[in-house]
Amino acid sequence: MSHGLWGGIIFRKGSPYWLAFAFGVLPDALAFGPLVVLRMTAGELVMGRPGLNTIPPWVYTVYNWTHSLVIAAVAIIILWQINRKPAIAAGAWVLHILMDIPVHTQDYFPTSFLYPLSPFTFNGISSIKLWAVNWLLLILAYIFFHFRKSSLR
Ligand SMILES: [Zn+2]
């Protein structure tokens, strides 16, 4: 959710807010969304992080594709050739990947941001404090932009 909110607030120029929001959540929505739907329909959805041994291999494949700066760059370059405004909104996809790199550990979905060129991943730091700071900054950013927008009227 926070990826969508950051993407929406930073990359909304020239495009509807929802489009930048959608690009912000796209990497996780494509990787985990189908699994959540499958588990919901099977009545097997559990709250919290599922165990790695319960996650099907295709989720890791989709995750690697959607969390690759290489693939995002190629897609955005193609989109840029077609229509520049949504290509700017797609910057939220890149932001998502850049935000994931330092906060994903090697133990749980490390961000293979150079996939398929390299399997390199960074062993980030995952903590509740970082999560809290992220949401605090997000709330402050939305308050700031709300009042800035109000003062421009
Ligand atoms: Zn992600």
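Two residues are in contact here if their C-beta atoms, placed from the backbone, lie within 7 Å. By that rule, and leaving out residues up to four places away in sequence, Ala 90 touches Phe 23, Ile 76 and Leu 79. Keep in mind that this is a predicted model.

**How α1 and α2 pack**
- Helix α1 takes in residues 2-10 and helix α2 residues 17-41; they pack at an angle of about 145 degrees, with their axes 7 Å apart.
- The crossing of these two helices, α1 and α2, is right-handed.
- On the α1 side, the meeting residues are His 3, Gly 4, Trp 6, Gly 7 and Gly 8, while α2 brings Tyr 17, Ala 20, Phe 21, Phe 23, Gly 24, Val 25 and Asp 28.
- Sort the residues of this α1–α2 contact by type and you get 6 nonpolar, 5 polar and 1 charged.

**The largest nonpolar core**
- This core has 15 residues, and the ones touching the most other members are Ala 20, Ala 22, Phe 23, Ala 89, Ala 90, Ala 92 and Trp 93.
- Two or more core residues come from each of α2, α5 (84-89) and α6 (91-100).
- Helix α2 supplies the largest share of the core, with 7 residues.

**The loop between α6 and α7**
- Phe 109 sits in this loop, and its phi is near 50 degrees, a positive value in a residue other than glycine.
- Phe 109 counts as buried because it has 22 C-beta neighbours inside 10 Å, where the cut-off is 20 or more.
- Pro 116 is also placed in the loop between α6 and α7 (128-152).
- A cis peptide bond links Tyr 115 to Pro 116, with omega at about 0 degrees.

Notes
Residues are numbered from 1 along each chain as its sequence is written. This is a predicted model: local features need pLDDT of at least 70, side-chain atom pairs count only at pLDDT 80 or more; totals for chains, interfaces and linings use all residues. Axes are lines fitted to C-alpha atoms, for helices over the stretch in contact, and angles run from 0 to 180 degrees between N-to-C directions. Helices (H or I, at least four residues) and strands (E, at least two) are DSSP runs, numbered from the N terminus. A crossing is left-handed if the near helix is turned anticlockwise from the far one by less than a right angle, and right-handed if clockwise. Ala, Val, Leu, Ile, Met, Phe, Trp, Tyr, Cys and Pro count as nonpolar, Asp, Glu, Lys and Arg as charged, and the others, Gly among them, as polar. A nonpolar core is a set of buried Ala, Val, Leu, Ile, Met, Phe, Trp, Tyr and Cys residues joined through C-beta atoms within 7 Å. A residue is buried if 20 or more other C-beta atoms lie within 10 Å of its own, exposed if 12 or fewer, and partly exposed in between; C-beta atoms are placed from the backbone.
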